[in-house]
Amino acid sequence: MSSPSVDLSAYRDQHFKGSRAEQERLLRTSTTLYVGNLSFYTTEEQIFELFDRCGDVKRVIMGLDRFQKTPCGFCFVEYYDRADAENAMCWVNGTKLDDRIIRTDWDAGFIEGRQYGRGKSGGQVRDEYRNDFDSGRGGYGKLLQQKVEANV
């Protein structure tokens with residue numbers, strides 16, 4: 001019996017190329033985690049150091065703005081073993097890194113190209129709709145910034 005902290009969440013990547021059953025199978029055997037709510041200023045080295053405490057990290061793939069190629073608040077952490085990834089799900093999810101509560105979720109496996117933001121502005125979609133000022137994620141949301149700039 002697994003711990004609730006390592007169970008699959010309800011979220012599914014809508015851009016997954018394959019059947020729902022195949023996605024479920026991959027998620028249940030994956031050694032890759034999606035890590036979200038990162039500061040734009042968090043480094044790959046910081047992520048590696050934190051997640052390596054739970055087991056041997058194979059690689060860290062930083063999420064990048066599609067146009068600017070700068071960090072945009074997420075990454076993928078790939079482990080060699082599922083048990084190490086499960087440790088990270090138990091112990092790292094919900095902890096603070098760079099004054100932000102980070103979240104982890106299972107990923108079906110990194111595929112080249114997924115490291116880029118899917119928002120219209122090149123970053124994450126959620127940052128386009130944010131109405132608050134968040135210095136760790138680049139200031140105000142992109143849509144609000146565009147409105148302010150248009151009125152100046």
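User: In this structure, are Phe 74 and Phe 76 buried or exposed?
Analyst: The model is a predicted one, and a residue counts as buried in it when its relative accessible area is under 20%, whereas exposed means over 50%. By that cut-off, Phe 74 and Phe 76 fall into one class, and both are buried.

User: What is the angle between the ring planes of Tyr 34 and Phe 76?
Analyst: A search through the whole structure gives four aromatic pairs. One of them joins Tyr 34 and Phe 76, whose ring centres are 5.9 Å apart. Planes over 60 degrees apart count as edge-to-face, and this pair is edge-to-face, with an angle between the planes of 75°.

User: How many residues apart in the chain are Tyr 34 and Phe 76?
Analyst: Tyr 34 belongs to strand 1, which covers residues 32-36, while Phe 76 belongs to strand 3, which covers residues 71-79. The pair therefore links distant parts of the chain, and the separation of its two members is 42 residues.

User: Which residues make up the cluster that is linked by ring pairs?
Analyst: Tyr 34 is buried, and Phe 76 is buried as well. Phe 76 also pairs with Phe 74 in an edge-to-face arrangement, with 5.9 Å from centre to centre and 90° between the planes. Taken together, the ring pairs link up a cluster made of Tyr 34, Phe 74, Phe 76 and Phe 110.

User: In what order do the four strands of the open sheet lie?
Analyst: The pairing in this open sheet is antiparallel. Its edge strands, each of which pairs on one side only, are strand 2 (57-64) and strand 6 (103-107). On average, and with direction ignored, neighbouring strands are turned by 25° against each other. Read across the sheet, the four strands come in the order 2-3-1-6.

User: Which residue of strand 6 is the bridge partner of Val 35?
Analyst: Strand 1 is joined to strand 3 by five bridges, and the two run antiparallel; here Val 35 stands opposite Cys 75 of strand 3. Five bridges also join strand 1 to strand 6, again in an antiparallel way, and Tyr 34 stands opposite Asp 105 there. For Val 35, the bridge partner in strand 6 is Thr 104.

User: Which residues of strand 1 point the other way from Thr 32, Tyr 34 and Gly 36?
Analyst: Strand 1 is mostly covered, since five of its five residues are buried. Thr 32, Tyr 34 and Gly 36 point one way from the strand, and the residues that point the other way, also buried, are Leu 33 and Val 35.

User: How wide is the arc that the buried residues Ile 47, Leu 50 and Phe 51 cover around the axis of helix 2?
Analyst: Helix 2 spans residues 44-51, and its residues Ile 47, Leu 50 and Phe 51 are buried. These three lie on the same side of helix 2, because the arc they cover around the axis is only 85°.

User: Which exposed residues are carried by the face of helix 2 turned away from its buried side?
Analyst: The buried residues of helix 2 pack against several elements, including strand 1, strand 2, strand 3 and helix 3. The face turned away from that buried side carries two exposed residues, namely Glu 45 and Glu 49.

User: At about what angle does helix 3 run to strand 6?
Analyst: Helix 3, which is made of residues 82-91, lies across strand 1, strand 3 and strand 6. Its direction relative to strand 6 is given by an angle of about 150°.

User: Why does Thr 43 count as partly exposed?
Analyst: Thr 43 is found in the loop between strand 1 and helix 2. In sequence it is 28 residues from Pro 71, yet the two C-alpha atoms are 8.5 Å apart in space. Buried requires under 20% and exposed over 50%, so Thr 43 counts as partly exposed because its relative accessible area is 33%.

Terms used. Residues are numbered from 1 along each chain as its sequence is written. This is a predicted model: local features need pLDDT of at least 70, side-chain atom pairs count only at pLDDT 80 or more; totals for chains, interfaces and linings use all residues. Side-chain values use heavy atoms; hydrogens and water are left out. Rings of Phe, Tyr and Trp (its six-membered ring) pair if their centres lie within 6.5 Å; planes under 30 degrees apart count as stacked, over 60 as edge-to-face and the rest as tilted. Buried means under 20% relative accessible area, exposed over 50%, partly exposed in between (1.4 Å probe, protein chains only). Two strands pair if DSSP finds at least two bridges between them. Axes are lines fitted to C-alpha atoms, for helices over the stretch in contact, and angles run from 0 to 180 degrees between N-to-C directions. Contact means heavy atoms within 4.5 Å. The arc is that of the directions from the helix axis to the C-beta atoms.
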